[in-house]
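I opened this model to take notes on its chains, its contacts and its backbone. The entries are in the order in which I looked things up.

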Amino acid sequence: MSNLFDLLVAGLATGAIYALVAVGFTLLWQTSQTINFAQGEFVMLPAFLMLAAMHAGAPFWLAIILGILLSMILLGLGFKLLLVDPMMRHGVLPLAIATMALAIGIKEAVKQFFSAEASPFPSIVPTGDVSILGHAVSLQSIGVLVVAILAVLGLTALLNRTSLGHQMQAAAQNPTVARIIGVPVERMILLTFLINAFLVALASLLITPIYLAKFSSGEVLGQAAFIAAIVGGFNQVRGAIAGGLLIGVLDNLAAAYVSTQYRAAVPMIFLIAVILLRPQGLLGRAEERTV
Amino acid sequence: MKTTILAGALLAFAAATSVHAQAIKLADVAELSGGGATVGTNWKNGIDLAIEEINAKGGVLGRKLEVTHADSQSNPGVARAQVQKALDAEPYVLLGPGYSGSVKVTAPLAAEAGIAQIMGGEAAELTQGGNKFLFRTSFGQQSSMPKVAKYIHDEMKAKTVAVVWVNNDFGRGGRDMVTKELERLGSKVVADLSTEAGQADFAADVGKIKAANPDAVFVYLNEEESARILKELKRQGVNAPLMGETTLIGQKVIELAGDAANGARGHVGLTTDAPVELVKQFREKFSKKYNYVPDHNGLKGYLAVYMVKATTEKMGKVDPKKFADTLHGLTIKAADEPGILMDVTFSDTGDIDRQSFLVEVVEGKQVVKQVLPKVQ
């Protein structure tokens, strides 16, 4: 039983990170119909930007700020202006393929300019345990969970409680009408790209101390988050959060109770089941499109 | 007519001189990227350092050494293609790969070409198939695992042991050997956990170890995964003593795992912290050249080149066909060839006999606790 509790906590901590990345997937999809297959690499890169800042002599806190800012410039602004805008005119599929190419480009660039080897990365949460309901739970797991939950709550508050959030939602739901009533749609779309970049940088900061900084570490994350976004509902932020947590827990339970070799298969099987039985995702909204 | 004869003689002389001065070509195929990048990079740097030293002192039998490096991407399929390409260029000796799985698929190619292959793999089965061209640079599992099991049983006094291994040729070989030995000695394996190469998340595996509550944990993974599981073991508060091999307490693991590596113990065939003067000198030279402390793979690459030198000098000529025969049964003494660092004997199967060490990580440093002598 204590084993199950540990697995749930560890699964929720990993799932919270998947959720951050999955939320980015849904945001980009809602506002600009972009499926970003480089999302995993977007999580990998900020850690290296922070490491580069530290190698240049910056203290950890400054490296975090610089890393997040640089990520927002490169992975938010740069990504939108240099890749999404020019490719969008050619349709969703060419754009999706372009993001796959971008994923390979980022990986190879990190390998080339940094190293193919893994590097250690400091943790923002100290190591140690606290006792919860008689179980020793690591501070790191709790820290990851708390930061991820705060980020998601902040985002939800921004979307639902502020005028800016309402404008973003309007731009996502019906850009034409939003434009007519005076919402600066283009600026709102750019804002979602910046938010996505912030979320992936945050995910990078949380996951890299555990997974280590390595050029290939985005592959697993990108895949898990993509599955989480589809399972939860690609067009709902709350769906992505639920999907992330669910996949995190499922992955850990599968590794413990099914087998380590098949741990990656279990979320996939779950994904197929969801697509067959509830294509819009667990919390998603059915969309109809004219072809 | 005279002119023709003269020209012919001159040509023959020129050809002979160029053959004499021609460099001895070695081919290296290593894990320069992918999961084994730490292994391959250390191995490659060790080779380059040794070649630089040897060439600076006039080469081998008056000829310089030259090496080409190819990247196996830590993938046996790519390793096979790269080895085939390297063998097509007819090297004197093939160096690498470091991963047992890659060695397994490439060894038949080198054997067929009749080229000796000096590699870094440690899986027991590699030298048990009767391959007459394959040589180790470190202990095979059949030499190291009995020592490991004995230490867990006798010194750690563990009645129950959890065995965590990586699901590839290297991991399976080690797990089979250590499990057999532990059971023979009377220690019970209470958790037998297979993990995947490149695995990032070890929370579930550590959860299982915690549930099994063993007296000791034997960890047999590659370097990066070792670092990740050490961090996770610390995160989940597993306090059972940890025992492993070189891959658990290597320099790269200590760097990656930080504090979490403290207390881990391992049997090490080669370590740069060995209390041996020549090894200390190697460590200084390597650190000066590459700005980091090498792990055992750096030593292996370095030794591989000095094995080539010592064997060639023993033959007195550069003969790729006789190389393997000469190296079988050869004892190289560090007093005669300082580059070999410690006295070593090669068996007829290509296995090595050399002294080894029991190491513990204390405050981020490898500390040699015991020196285990050469078997024969």
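**Conventions.** I am working with a predicted model, in which local features need pLDDT of at least 70, side-chain atom pairs count only at pLDDT 80 or more, and totals for chains, interfaces and linings use all residues. Residues are numbered from 1 along each chain as its sequence is written, and chains are lettered from A and ligands numbered from 1 in the order in which they are written.

**Chain B overall.** I counted 13 helices and 15 strands in chain B. Helices here are DSSP runs of H or I with at least four residues, strands are runs of E with at least two, and both are numbered from the N terminus. The C-alpha trace spans about 90 × 40 × 35 Å along its principal axes. I then checked the radius of gyration, taken over C-alpha atoms, against the globule rule of 2.2 Å times the number of residues to the power 0.38. For 376 residues a compact globule would have a value near 21 Å, and the 22 Å of chain B agrees with that.

I looked up burial next: 54% of the 376 residues of chain B count as buried. A residue is buried if 20 or more other C-beta atoms, placed from the backbone, lie within 10 Å of its own, exposed if 12 or fewer, and partly exposed in between. For contacts (C-beta atoms, placed from the backbone, within 7 Å), I took pairs in chain B at least 6 apart in sequence; 67% of these join residues at least 24 apart.

**Core.** A nonpolar core is a set of buried Ala, Val, Leu, Ile, Met, Phe, Trp, Tyr and Cys residues joined through C-beta atoms within 7 Å. The largest one has 200 residues, and A:Ala19 and A:Ala228 have the most contacts inside it. Helix 8 of chain A (residues 185-211) gives the most to this core, 17 residues. I listed the contacts of A:Ala228 beyond four places in sequence; among them are A:Tyr18, A:Ala19, A:Ala22 and A:Ile247.

**Interface.** How many residues of chain B are in contact with chain A? I found 29, and they meet 25 residues of chain A. Helix 7 of chain B gives the largest share of the chain B side, seven residues. By class, that side has eight nonpolar, ten polar and eleven charged residues. Ala, Val, Leu, Ile, Met, Phe, Trp, Tyr, Cys and Pro count as nonpolar, Asp, Glu, Lys and Arg as charged, and the others, Gly among them, as polar.

**Backbone.** Most residues other than glycine have a negative phi, and most peptide bonds are trans. I noted these exceptions.
- A:Gln33 has a positive phi of about 50°; A:Gln33 lies in the loop between helix 1 (2-32) and helix 2 (39-55) of chain A. It counts as partly exposed because it has 13 C-beta neighbours inside 10 Å.
- B:Glu90 has phi near 50° and lies in the loop between helix 3 (76-88) and strand 3 of chain B. With 11 other C-beta atoms within 10 Å, B:Glu90 is exposed.
- The bond from B:Gly96 to B:Pro97 is cis, with omega near -5°. B:Pro97 lies in the loop between strand 3 (93-95) and helix 4 (100-113) of chain B.

**Sheet.** I traced an open antiparallel sheet of three strands in chain B, order 11-12-13. Strands pair if DSSP finds at least two bridges between them. Strand 11 (331-332) and strand 13 (352-353) of chain B each have a single partner strand, so one side of each has no neighbour in the sheet. Strand 12 (residues 344-346) pairs with strand 13 over two bridges, and B:Phe346 stands opposite B:Ile352.

Technical notes:
Contact = placed C-beta atoms within 7 Å.
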